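Hello,

Here is the structure I promised to pass on to you. Please open it alongside this message, and my notes on what turned up follow below.

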Amino acid sequence: MYEAKDASTDDVVLLASSARDLQLSLDRFAAACEVGGMKISTSKSEAMVLNQKKVECLLRVKEEILPQVEEFKYLGVLFTMVKRELSRKAKLSIYQSIFVPTLTYGHELWVMTERTRSRVQAAEMSFLRRVAGLSLRDRARSSAIREELGIEPLLLRVERSQMRRPPGRPRTRWGDYVSQLAWERLGIPLDELEEVAGEREVWASLLRLLPPRPDSG
């Protein structure tokens, strides 16, 4: 994994699987900054490579080459090489701050199908297995991996967020989906949903107590 960090006004981390892809991302980011009247502070920017072997990564912002480092701090977490790999704490920080927001972008208005749930869970567990140092061949259950890492199911987080603002009128496909979700997951009939959701403290308590779906892996 190749990374570039800009520690100017707002910290930004770019990730890619190759130096070429990272340079392309960096070029696009630099161009977007220029459009917004900003520029990358090369004196505060660094490159880092996560690989079993030491690999040189020459990233450029215009004609300036970014220094390549063995560690850097992002969102209060020190990213450092331990046997040429990130620590578990750093990987979990990437999961929470980058992977989850990217994977679930716009989820408040998703209409979740079984296919969507399956794809979200597959992406989630692919990442978490790597964090835990496991593979599919280890046949570890998803619930056991999450418990070891102290992570709640991503689908649970999505459903809780979707039900935080119950559907109103007029009815929409998304509203019908959330109503069905409330019945399926909380046992609240449609004709009682608006009344129950109107009790904000009660509704918030119900969402906090929302149980995970049965483990499918």
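A residue counts as exposed when its relative accessible area is over 50%, and as buried when that value is under 20%. Please keep in mind as you read that this is a predicted model.

With that cut-off in hand, let's begin at Arg200, which sits in helix H8 (residues 200-208). Its relative accessibility is 72%, so Arg200 counts as exposed. Arg164 is 36 residues away from Arg200 along the chain, yet 9.6 Å separates the C-alpha atoms of the two.

Arg200 also takes part in a helix contact. Helix H7 (residues 190-198) packs with H8 at an angle of about 105 degrees, and their axes are 5 Å apart. H7 is therefore roughly perpendicular to H8. On the H7 side the contact involves Leu193, Val196, Ala197 and Gly198, and these meet Arg200, Trp203 and Leu206 in H8. Sorted by class, the residues of this contact are 5 nonpolar, 1 polar and 1 charged.

Now for the overall picture. The protein chain contains 8 helices and 7 strands. Of its 217 residues, 37% are buried. Looking at contacts with a separation of 6 or more, 54% are between residues 24 or more positions apart.

Next, have a look at H2 and H3. Helix H2 (residues 88-103) and helix H3 (residues 114-132) pack at an angle of about 165 degrees, their axes lying 10 Å apart. Since an angle over 145 degrees counts as roughly antiparallel, that is how H2 and H3 run relative to each other. Their crossing is right-handed. From H2, the residues in the contact are Arg88, Lys91, Leu92, Ile94, Tyr95, Phe99 and Leu103; from H3, they are Val120, Ala123, Glu124, Phe127, Leu128, Arg130, Val131 and Ala132. This contact of H2 with H3 comprises 11 nonpolar and 4 charged residues, with no polar ones.

In the loop between H2 and H3 you will find Thr104. Is Thr104 buried or exposed? Its relative accessible area is 7%, so Thr104 is buried. The Thr104 side chain reaches the backbone oxygen of Val100 at 2.7 Å. Setting aside neighbours within four places in sequence, Thr104 has contacts with Trp110, Leu154 and Val158.

One of those partners, Leu154, leads us on to helix H5 (residues 154-162), where Arg160 lies. With a relative accessible area of 13%, Arg160 is buried, whereas Arg200 is exposed. What does the side chain of Arg160 reach? It is the backbone oxygen of Leu207, at 2.9 Å. If residues up to four places away in sequence are not counted, Arg160 touches Glu152, Leu207, Arg208 and Leu210.

H5 has a helix partner too. H5 and helix H6 (residues 173-186) pack at an angle of about 115 degrees, and 10 Å separates their axes. The crossing of H5 and H6 is left-handed. Leu156, Glu159 and Gln162 of H5 make this contact with Trp174, Tyr177, Val178, Leu181 and Arg185 of H6. By class, the contact of H5 with H6 holds 5 nonpolar, 1 polar and 2 charged residues.

Technical notes. Residues are numbered from 1 along each chain as its sequence is written. This is a predicted model: local features need pLDDT of at least 70, side-chain atom pairs count only at pLDDT 80 or more; totals for chains, interfaces and linings use all residues. Side-chain values use heavy atoms; hydrogens and water are left out. Axes are lines fitted to C-alpha atoms, for helices over the stretch in contact, and angles run from 0 to 180 degrees between N-to-C directions. Helices (H or I, at least four residues) and strands (E, at least two) are DSSP runs, numbered from the N terminus. Angles under 35 degrees count as roughly parallel, over 145 as roughly antiparallel, 65 to 115 as roughly perpendicular and the rest as oblique. A crossing is left-handed if the near helix is turned anticlockwise from the far one by less than a right angle, and right-handed if clockwise. Contact means heavy atoms within 4.5 Å. Ala, Val, Leu, Ile, Met, Phe, Trp, Tyr, Cys and Pro count as nonpolar, Asp, Glu, Lys and Arg as charged, and the others, Gly among them, as polar. Buried means under 20% relative accessible area, exposed over 50%, partly exposed in between (1.4 Å probe, protein chains only). A polar contact is a pair of N or O atoms within 3.5 Å; within protein, one must be able to donate a hydrogen and the other to accept it, and residues adjacent in sequence count only if both atoms are side-chain atoms.
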